[in-house]
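Please view the sequence and the structure first.

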Amino acid sequence: MAQAYTPGLQVSPVHRYRARRVLPIQGDVLVQLGQSVQARQSIARADLPGDVIPINLANQLSLPVGDVPGAMLKHEGDHFERGEVIARTKGIFGFFKSEYAAQSAGMIESISSVTGQLLLRGPSQPVEVTAFVDGKVTEVLPGEGCFVEAEVSLVQGIFGIGGEAHGPIRMACQSPDEEFTPDRITPEMQGAVLIGGARMPGATVRRAIEVGAAAIVSGGMDDADLREILGYDLGVAITGSERIGLTVIVTEGFGDISMARRTFELLRSREVPRRRSMGRRRFEPACCGRRL
């Protein structure tokens, strides 16, 4: 049975959108107050510390724990490459030496003469935050990020999976009550945000992934199709981190439900004609009033 929800979601042709774009840890902010930015432009950058890997070097080299520091060829804070020897025993009369080669690149975090263990820190992982919308920087948060403001058309959906997506809007259905079937998706829709009408089956989502669409949006979807796509049941309140190859947005609810005509017409008015290559509209994947 179709289930529609009406929590007062916004559908606005003109909306002043203020995006808070911040890093998960302290880093470098790359923009200045008042600067105009593009959606895919990096506005902040940081390096996430790598994983800590414990190594029982006393066992690896058959050493007393107190002899571990003396066997080290690298010291705390030193970096090393994969396969590099970082510890070696003195052997007997210079012979029968044992050594330990790093399994991956990293850094020596600590050396313990009490436990005979090393703590190795893996390579740091760079992380960047983009502006998400074409707009202007209205506030800079030192070491964190910034606020970007833009005048947009805002459509909020009731449910969604996947993260942020960008792309030109392409209408796959011609009316809000048409079922969004797989045959409506063509290879030319690669990289686009596809707008359907009523229910979108799981086969339609798989077809969108196959052609490389950025996102797919329609009025309704069966919970059984959602479960088939993900491979597990999903709680409504904990979405946003799924990785299935694109973003999926349901605007009305679960079941065979047509997209609200006002929503459909607004999205259609923002479709970028295929003969034009300039200017891409942005679509903000949203669920229950929050960005995924």
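## Salt bridges and an open sheet

The count comes to 17 salt bridges, a salt bridge being a side-chain nitrogen of Lys or Arg within 4 Å of a carboxyl oxygen of Asp or Glu. This is a predicted model, in which local features need pLDDT of at least 70 and side-chain atom pairs count only at pLDDT 80 or more, while totals for chains, interfaces and linings use all residues. Residues are numbered from 1 along each chain as its sequence is written, and side-chain values use heavy atoms, with hydrogens and water left out.

| Pair | N to O distance |
|---|---|
| Arg-18 and Glu-139 | 2.8 Å |
| Glu-109 and Arg-121 | 3.2 Å |
| Glu-179 and Arg-199 | 3.1 Å |

Arg-18 and Glu-139 also belong to a network of salt bridges with Arg-16 and Glu-149. Arg-199 is buried, at a relative accessible area of 17%, whereas Glu-179 is partly exposed at 35%. Buried means under 20% relative accessible area, exposed over 50%, and partly exposed in between (1.4 Å probe, protein chains only).

The sheet is open, with four strands in the order β6-β11-β10-β7 and antiparallel pairing. β6 (52–56) and β7 (79–80) are at the edges with a single partner strand each, so one side of each has no neighbour in the sheet. Strands (E, at least two residues) are DSSP runs, numbered from the N terminus, and two strands pair if DSSP finds at least two bridges between them. β6 and β11 (residues 117–121) pair over five bridges.
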